[in-house]
Amino acid sequence: DLICVTGNLGTAYMGLQLLERERIANKGKTQSGDAIPAFEGREYLLERQLKPEPRRDIIDKLREAGIRPTAMMDISDGLSSELKHICQQSNVGCCIYEDKIPIDFTAAEVAEEMNLNILTCALNGGEDYELLFTCNLKDYEKLIALDDIYLVGHITKPEYGTMLVGRNGEEIALQAQGWQAFKENV
C-alpha cells in the first residue's frame with residue numbers, strides 16, 4: 001500500500017511556538033497596549049493552531065476519484081505517532097521519505113528563526129488535523145491527480161519497522177514522540 005497525507009505538517013505546532021514565544025516575550029507587561037505580538041505574515045500558522053479544520057473535503061475527493069483507503073486517521077498526535085498506530089494495528093512496517101513530507105514555507109522559516117528542526121516538528125508536532133491514509137498501489141495514478149494529497153511512502157513487511165529515509169538515503173527509525181493518551185507510566 002501507499003502512504004499519503006493531506007495538507008502540510010508541522011504548521012499547528014509552529015503556530016503554538018509563536019504563541020508561546022510571544023507569551024514569554026510579553027510576560028509582565030501591562031494591559032495598556034505596550035506589548036504588540038509579532039505575528040505579521042504568520043497568520044496561517046496561528047489559524048492552524050487556533051482554528052483547526054477537519055479535512056472532510058478529502059473524503060469527498062477520494063470518493064469521487066473511486067479511491068477507497070485501506071486505513072485512515074487524522075494527524076492529531078504527529079505523523080510518527082499515527083504511522084506507528086496504523087502499522088501496529090495492521091501488523092506491518094512502513095517507509096516514508098523526508099523529501100516527500102509536505103512542509104509550509106512560513107513554518108520552515110519560523111522553525112529556523114527558533115532553532116527548531118522543521119522535520120521534527122512535522123513528524124511529532126501534532127494538532128494539524130490533516131489526514132494520514134493508506135491505499136492500494138493500483139490507485140497511484142488517481143492519487144497523484146488529486147490536489148492537496150501527498151504520497152510520502154509505502155507499507156513494508158513488519159520486520160522492516162517504521163523507517164524514515166533521509167535526504168541522503170540514511171534510514172532512521174521513527175519514534176512516536178507525540179501525545180500518547182493511554183501510555184502506561186513505567
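I take two strands to pair if DSSP finds at least two bridges between them. The model I am looking at is predicted.

Entry 1: I then asked which residue of β6 Ile-96 stands opposite. I found Leu-164 there.

**Entry 2: the sheet.** Seven strands make up an open sheet, and I noted the order as β2-β4-β1-β5-β3-β6-β7. The pairing in this sheet is mixed. The edge strands are β2 and β7 (171-173), and each of them pairs on one side only. From one strand to the next I have an average twist of 25°.

**Entry 3: helices on the sheet.** I checked helix α3 (residues 56-65) and found that it packs on the sheet, where it touches β1, β2, β4 (130-135) and β5 (149-156). The direction of α3 makes about 25° with that of β4. I checked α4 next. This helix also packs on the sheet, touching β1, β2, β3, β4 and β6. Its direction makes about 155° with that of β2.

**Entry 4: the largest nonpolar core.** I counted 19 residues in this core. Which members touch the most others? I listed Leu-79, Leu-83, Ile-96, Ile-101, Leu-123 and Leu-132. I then sorted the core by element: β1 (2-6), β2 (71-75), α4 (79-90), β3 (93-97) and α6 (118-124) each give two or more residues. The largest share is that of α4, with four residues.

**Entry 5: the whole chain.** I read seven helices and seven strands in the protein chain. Along the sequence I wrote the pattern down as β-α-α-α-β-α-β-α-α-β-α-β-β-β. Of the 186 residues, 42% count as buried; my cut-off for buried is under 20% relative accessible area. The accessible surface comes to about 10,900 Å², and carbon and sulfur atoms hold 50% of that. Residues 24 or more positions apart account for 83% of them.

How values were computed. Residues are numbered from 1 along each chain as its sequence is written. This is a predicted model: local features need pLDDT of at least 70, side-chain atom pairs count only at pLDDT 80 or more; totals for chains, interfaces and linings use all residues. Side-chain values use heavy atoms; hydrogens and water are left out. A nonpolar core is a set of buried Ala, Val, Leu, Ile, Met, Phe, Trp, Tyr and Cys residues joined through side-chain atoms within 4.5 Å. Buried means under 20% relative accessible area, exposed over 50%, partly exposed in between (1.4 Å probe, protein chains only). Contact means heavy atoms within 4.5 Å. Accessible areas come from the Shrake-Rupley method with a 1.4 Å probe; for residues, only the protein chains shown count as cover. Axes are lines fitted to C-alpha atoms, for helices over the stretch in contact, and angles run from 0 to 180 degrees between N-to-C directions.
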